[in-house]
Amino acid sequence: MPDLFLKSTAVVTPQGQRPAVLALQGGRIADVLPYDAAVASPVLDLGHAAVLPGVIDPHVHLNEPGRTDWEGFDTGTRAALAGGLTTLVDMPLNSAPVTTSVENLRLKQAATQGQLHTNVGFWGGIVPGNAAEIEPLIAAGVLGFKAFLTHSGIDDFPNATETDLRRVMPLLASHGLPLLVHCELSQDNDEWKKGDTRSYPNYLASRPKSWEDEAIKLMIRLCAEYRCPVHIVHLSSANSLAPIAEAKAQGLPLTVETGQHYLFFNAEDIVDGQTQFKCAPPIRERANNEQLWQALQSGLIDFVATDHSPAPPALKQLTSGDFATAWGGIASLQLALPVLWTAARERGATLPDLARWLSQNPARLIGQLHYKGQISKGYDADLLVLAADEKFTVTEALLHHRHKVSPYLGRELAGVVTHTFLAGEEVFRHPDFLHLNHGQLLSR
């Protein structure tokens, strides 16, 4: 007998959106029934509110242990629940220590105790000299590995070289695990700091598209050589879309994400001194970002992830507005869905598109395609309920992140998450948390 039935005129499945009743039992979706099916109680009738698979964000910096004052598992996963996110994958930085060994992974896993409000998995890190740690980390359950091709912003996570990648890619290929890459091949470029460092155009010019384009060309070559799954994180340069399309046409195991901020904002609209917009790669011009939208809607870009990278307000240099010294990172975890939906619906996108971009395709990257990310019989009952047409204004009081710095403050967004379910249990009903610490650690 199911534990609960959810009834809605707008259930979003891989086959499309339709009226249906979901039978939830033992943490799973026991069945997807016709809307007029005769079912016993308890039934939660959601009316016309949409039911979608919980959002999966595989690009999050929770920064614990070591930099918990930047975010932490408690505040980060709490904010996630309020935004309909049910599964996160934590990057191997900016915690201290970084996740480049099994010993450091165990410290991070231990830090989750008593404060895991969503499911969380971990990426391992690739840095110079840790090739011997790769297979032990795989055995310990990481979902894949992350490398930077430029300075990460954290000295204890130095960038990998081509030589470093060549050492580890055959191992990852043999295990079928993805290599996630921050693609910028940077060059010394401090000349811009002699000018106006409050100028956003100056900051934008300091990280040109060519850095990203050359790095992506390198990763496509290595992907072809080793057949190692390669995932390009936070794509911002539309110049790289053509070589990515060619690589995919050749059947290379290459996937790509972009970030909400590259789709929602444009460089022309960022006022000088607004360091809350600083990220790397930077938010680029409107014409570039329109091409990213086209690539997302065509399926060339696989999905969208936040790269939630918060920091204490002082590090964002909000007072000085100095782009040269401000921490580069955008805090947006709780707003992942409404930010994307607000911009997407203006372009004719649908809720099934949203489910594919925020749930189903991310599930494939993290090895959970047969368990999470879609509303189908037998899948985990990680779900959200969305009032898709309801609008709200982003305020500090609304955000559950540790720090309230965000470029989305004051913006009107569409799409209010009214309920979040984790393993079939209602854990959030707007605006209240009903059950906390029900998240699970994920491994391959």
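Reader: Is Gln-274 buried, partly exposed or exposed?
Author: This is a predicted model, and Gln-274 sits in its loop between helix H8 (260-264) and H9. Its relative accessibility is 25%. Buried would need under 20%, and exposed over 50%. Gln-274 therefore counts as partly exposed.

Reader: How far apart are the end C-alpha atoms of helix H9?
Author: H9 runs over residues 286-298, which makes 13 residues. At 1.5 Å a residue, the helix should span 18 Å. The model agrees: the end C-alpha atoms are 18 Å apart.

Reader: Which residues of H9 are buried, and why are they said to be on the same side?
Author: The buried residues are Asn-288, Asn-289, Leu-292, Trp-293, Ala-295 and Leu-296. They cover an arc of only 165 degrees around the axis, so they share the same side of H9.

Reader: Which residues are exposed on the other side of H9?
Author: Exposed means over 50% relative accessible area. On the other side of H9, the exposed residues are Ala-287, Gln-294 and Ser-298.

Reader: Where does helix H11 bend?
Author: H11 covers residues 351-365. Its 15 residues should span 21 Å, and the end C-alpha atoms are 21 Å apart, which agrees. The helix still bends, by about 40 degrees, at Trp-357.

Reader: How many of the 15 residues of H11 are buried?
Author: The buried residues include Leu-351, Asp-353, Trp-357, Pro-362 and Leu-365. H11 is largely enclosed by the rest of the structure, because the buried count is 11 of the 15.

Reader: Which residue takes a positive phi just after H11?
Author: Just after H9, Gly-299 has a positive phi of about 95 degrees. Just after H11, the positive phi is about 75 degrees, and the residue is Gly-367.

Reader: How much space lies in the largest pocket?
Author: The lining of the largest pocket takes in 36 residues. His-151, Ser-152, Gly-153, Arg-207 and Ala-280 lie nearest its centre. Strand S10 (145-148) and H5 each supply at least two residues of the lining. The space in this pocket is about 770 Å³.

Reader: How much space lies in the largest cavity?
Author: The structure holds 2 cavities of 30 Å³ or more. Among the residues lining the largest cavity are Gln-276, Ser-309, Lys-316, His-403 and Ser-406. Its space comes to about 60 Å³.

Reader: Is Ser-406 buried or exposed?
Author: Ser-406 is in the loop between strand S15 (383-393) and strand S16 (412-422). Its C-alpha atom is 6.7 Å from that of Ser-332, 74 residues apart along the chain. The relative accessibility of Ser-406 is 5%. Buried means under 20%, so Ser-406 counts as buried.

Reader: How far apart in space are Ile-232 and Val-256?
Author: Ile-232 lies in strand S12 (residues 230-232). At 1% relative accessibility, it counts as buried. Ile-232 and Val-256 are 24 residues apart in sequence, and C-alpha to C-alpha the distance is 4.7 Å.

Reader: Which residue does a cis peptide bond join to His-430?
Author: Most residues other than glycine have a negative phi, and most peptide bonds are trans. The bond from Ala-96 to Pro-97 is cis, with omega near 10 degrees. At His-430, the cis bond has omega of about 5 degrees, and the partner is Pro-431.

Reader: What is the phi of Asp-307?
Author: Asp-307 lies in the loop between strand S14 (303-304) and helix H10 (336-345). At 11% relative accessibility, Asp-307 counts as buried. Its phi is positive, in a residue other than glycine, and is near 50 degrees.

Definitions and conventions. Residues numbered from 1 in each chain as written. Predicted model: local features only at pLDDT ≥ 70, side-chain atom pairs only at ≥ 80, totals over all residues. Heavy atoms only, no water. Helix = DSSP H or I, 4+ residues; strand = E, 2+ residues; numbered from the N terminus. Expected span 1.5 Å × (residues − 1). Buried < 20%, exposed > 50% of the residue type's maximum accessible area, 1.4 Å probe, protein only. Arc of directions from axis to C-beta. Bend = angle between axes of the 7 residues up to and from the residue. 1 Å grid on protein atoms, 1.4 Å probe; cavity = no way out; pocket = protein on both sides within 12 Å on 5 of 7 lines; lining within 4 Å. Points joined across faces, edges and corners; volume = space filled by probe spheres on them.
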